[in-house]
Every structure is written in structure tokens, then in C-alpha cells.
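A short report follows the display.

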Amino acid sequence: MWWIKNAQVVDPAQGLAGVYDVLIGEGKVLQLKKGLTEAEVKGECGEAEWQEIDAAGSYLFPGLIDVHTHLREPGREDKEDIASGSRAAVRGGFTTILAMPNTTPILDQKALVEYVVNQGKKVGLAKIHPIAAITKGQAGKELVEMVELAAAGAVGFSDDGRGVQQGEMMRLALEYAKLTSCPVISHCEDESLAHKGVMHRGIVSTRLGLRGIPSSSESVMVARDILLAEESGGKLHLAHISAKESVALIREGKKRGVDVTAEVNPHHLLFTDEAVARTPYGTSYKVNPPLRTEEDRQALLEGLLDGTLDMLATDHAPHTWEEKTNPFDEAPFGISGLETALAAVWQELVTTGILPVELLIKAWSMNPAQRFQLPGGTLKVGGPADLILFDPEHTELIDAEYLASKGKNTPFLGQRLQGFPVKVWVDGRLVHEI
């Protein structure tokens, strides 16, 4: 058991923000109150022993939930596996992660979904919930057995990495998924418009002579899927929103009462396409959807602040060092983000006063838990003791040795970031400490 004293608790689900004591044990939150006394602790613990932590000067948050993580297992364990990804997750403050289905093979069968669930339990660090594919083999031709996959442990469905190109198939997916109460996650990309581009289409791509991906390749699909969700009454979640046009479409869809949520990645909030030009090779900034303009970045921030964009999500996409050192055209898309995302957002957006702490936790804990029907997202008494003790002053040098992830493809390599979890608990077990 743990008695955490004098912590600056932030729990939007309960409307709490202030100095509290928290007692955790038996895998759950036992007490949350101001000025907890030793007599009260003894009354809860009985004969059990407890450890005390004076958390003055630190924050205590509900464990973060990342709804968009690529663990690569099964099939590409050279890039990442469930064990290394789980270690990276808890180091970054993520007590629950949703594993995307574009592995090798694709998570489109019951046995594969169960495999990810069981491997996560075997590792015993972050809680891992699989996202299953929408279509078999992510080929866009035939729906998976959604009810069966949800029973096996899938908490959502996505053809992430490709996207469902045929409108009727997406409509059927939204209809069928209602039997499971799970969201359908749209990888919003019209492949005919993206046309194998490698960065945002604009002045920078023209200057660099690189094939561009227009904003319309995303926003056209956002519009289509919002309309399909409206027609079908399905539950839609939009992944990695990057364009200002998409934000406007989501805002309008919500005003009409469409059941739609959306996520934004830290890298789209922190960088623009200019970052590609400022870096000798730039492949650390090669992501899909691509980094766009400053106008897009500002629209994303506004969307996060006004609730149009409901969640933050890392889109953790680890690759081998050899792959990322290829020429820009040939290097794969993706940033390895689990261990740096919270610190980067804290340093660049929270300490600068742009993003309130309460909204940070709402977007990275409460909202994901509610949308995907997951335990956690709050420090409510009786709930799971998934929580992080966060030191806003702690700094770390991000280098290859620091990273637990096999993926070293981060634009923060060689930089010092400020603001890290110093202790992380999952179901009351201390799984990480500095």
C-alpha cells in the first residue's frame, strides 16, 4: 500500500484540482482527501504495511491513456515488441495503451487479438487493449467478424495505415460496429489524392522537390466519414487530425449532434513542415499525415482548446535506425513518441500557458477512457489505482540509451526535455520510478 501525501492532484473527471493525500492498495484507490491522518490510513490498511511518499511540489494524475500506439508485434519485433513498447509506455506516463492492428499479420482474427491481450498481461506493465482491423487483411473488401473480435478483447476497429477507401464499406462498418458499442477509427486519407506523397504539399515541398500530400486527402475523408456516421448513427473516431479544414468539419459535425470524436498528435501541435527543411535529412519529421503549415498548427491548438479535438494521442510508430536513415523519399513514416510525448507537450504548451493542465489530463486520460469504455481516467475512490506522480522540474537528456523503445526515431534525440513521471502505478503496482 502507498500513502501519497501533499500531491497536487488534477482529476477532471471529478472536477478536482488541489493538494490532496491519496491512499492506494489492493489495486485500487482507497482514499482521496485533504489531510489524511495516520489513524485513517491504519483504519484502511489494517495489519498491512504502507509506504509513504511526500509528493509536495509534484502532480498526481490519473494514468494517461494512449489510444494510438504501434507495438509492431506480431511480425516486426525488430522495430518494437509488446515488452519494449510497454516499458516505453510506463516511462512516458501511459498506464493504458491501445495497440493498432497493422501488424504482420493484420489483427483481423480472434486468435491474433487474444495473442496481443495475453502478451500484454504476460509483460505486466501497461494495460494493452487491441484495436482490430475493419476489413480482412486491411484490404477494404470484406468486413472482419466485429462481434467475435470485440468479445476477444478488441476495443475499436481501424484500418490504420491505409484507411477504408470505399464509402459503402465504411458505412457498413459503422452500422455493424454498433453491435459491439466500439468506435470505428478512421485513418482519414484518400489515397488517390495523397498520391504517394511524402510530406505536406505546399511551399516547402516545392522548394525541397519532394512529392506533396494535400490537406484535401485528409479533409475529404473526414467529411465523408462524418456524413456516414450521421446517416448510420454509428460511433466514429477520427485518428491523427492534421489539417485546419478537418477541424472545421469536425466542429460542424459535432454541432449537428454526430457521434464523432477526434485525436491530435503532439508532433502536429509542435512542428510544421518547415521542420523538414531545417534538418539535414528530416526523416525524424516524416509522418503520416504530414506536418502541415503554421496556420494548420494553430487551428489544431484551437480545436484542442475548444473541445473540437477530444484527445491527444502519440501515434507511436517505431522503426529501425537503418530504415529511418534512408533518403527522405524512401524512409518510412512515423515518430517514436511514447517516452517523450508528455514531456514535450508539457514543456512547449503547458509551461508556456497555452494548454491548461486540467485540459491536458482530460484529453489524455478522461476522454479516452470514456470514449473507449476503459477503466481508469480518474482517481475516483474504488477505481483502479492507475496513476502517475509527475515532477514538472525533472529533466532528461533524450538519447538512444535513455529510450526503452526499440524505435530511436524521435526528433527530440539529443535534446533535454523537462517534466517527467517519476513514479507510475498500474493497478497499485509500482511499475516505473526514477
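The structure holds 11 aromatic pairs. This is a predicted model. Two of the pairs are set out below.

| Pair | Centre to centre | Angle between planes | Type |
|---|---|---|---|
| Tyr59 and Trp346 | 5.4 Å | 70° | edge-to-face |
| Phe61 and Phe390 | 5.6 Å | 35° | tilted |

Both pairs link distant parts of the chain. Tyr59 sits in strand S5 (residues 59–62) and Trp346 in helix H14, 287 residues apart. Phe61 is also in strand S5, while Phe390 belongs to strand S16 (residues 387–397), 329 residues apart. Tyr59, Phe61, Trp346 and Phe390 form one aromatic cluster. Trp346 is buried, at 4% relative accessible area. Phe61 is buried at 0%, and Phe390 is buried at 0%.

Next, the nonpolar cores. The largest has 98 residues, and Ile134, Leu238, Ile241, Leu360 and Trp364 touch the most other members. Helix H14 (residues 341–350) supplies the largest share, 8 residues. Domain 1 (2–60 + 383–433) and domain 2 (63–372) both contribute residues, so this core lies between them. Another core, of 19 residues, lies apart from it; Ala7, Tyr20, Val29 and Leu389 are among its members. Contacts of Ile134 include Leu143, Phe157, Met170 and Ile185.

Charges also meet rings. Lys5 lies over the face of Trp3, 4.6 Å from the ring centre. The charged end of Arg91 sits over the ring of Tyr402, 4.4 Å from its centre.

Finally, the annotation. The unreviewed UniProt entry places "domain: Dihydroorotase catalytic" at residues 59–246. That span is 38% helix and 17% strand, with its end C-alpha atoms 34 Å apart.

Terms used. Residues are numbered from 1 along each chain as its sequence is written. This is a predicted model: local features need pLDDT of at least 70, side-chain atom pairs count only at pLDDT 80 or more; totals for chains, interfaces and linings use all residues. Side-chain values use heavy atoms; hydrogens and water are left out. UniProt positions are given in the numbering used here, feature names are shortened, and annotations may be inferred rather than shown by experiment. Helices (H or I, at least four residues) and strands (E, at least two) are DSSP runs, numbered from the N terminus. A nonpolar core is a set of buried Ala, Val, Leu, Ile, Met, Phe, Trp, Tyr and Cys residues joined through side-chain atoms within 4.5 Å. Buried means under 20% relative accessible area, exposed over 50%, partly exposed in between (1.4 Å probe, protein chains only). Domain bounds come from an automatic or database domain assignment. Contact means heavy atoms within 4.5 Å. Rings of Phe, Tyr and Trp (its six-membered ring) pair if their centres lie within 6.5 Å; planes under 30 degrees apart count as stacked, over 60 as edge-to-face and the rest as tilted. A charge sits over a ring if NZ of Lys or CZ of Arg is within 6 Å of the ring centre and within 35 degrees of the ring normal. Lists of a residue's contacts leave out its neighbours within four places in sequence.
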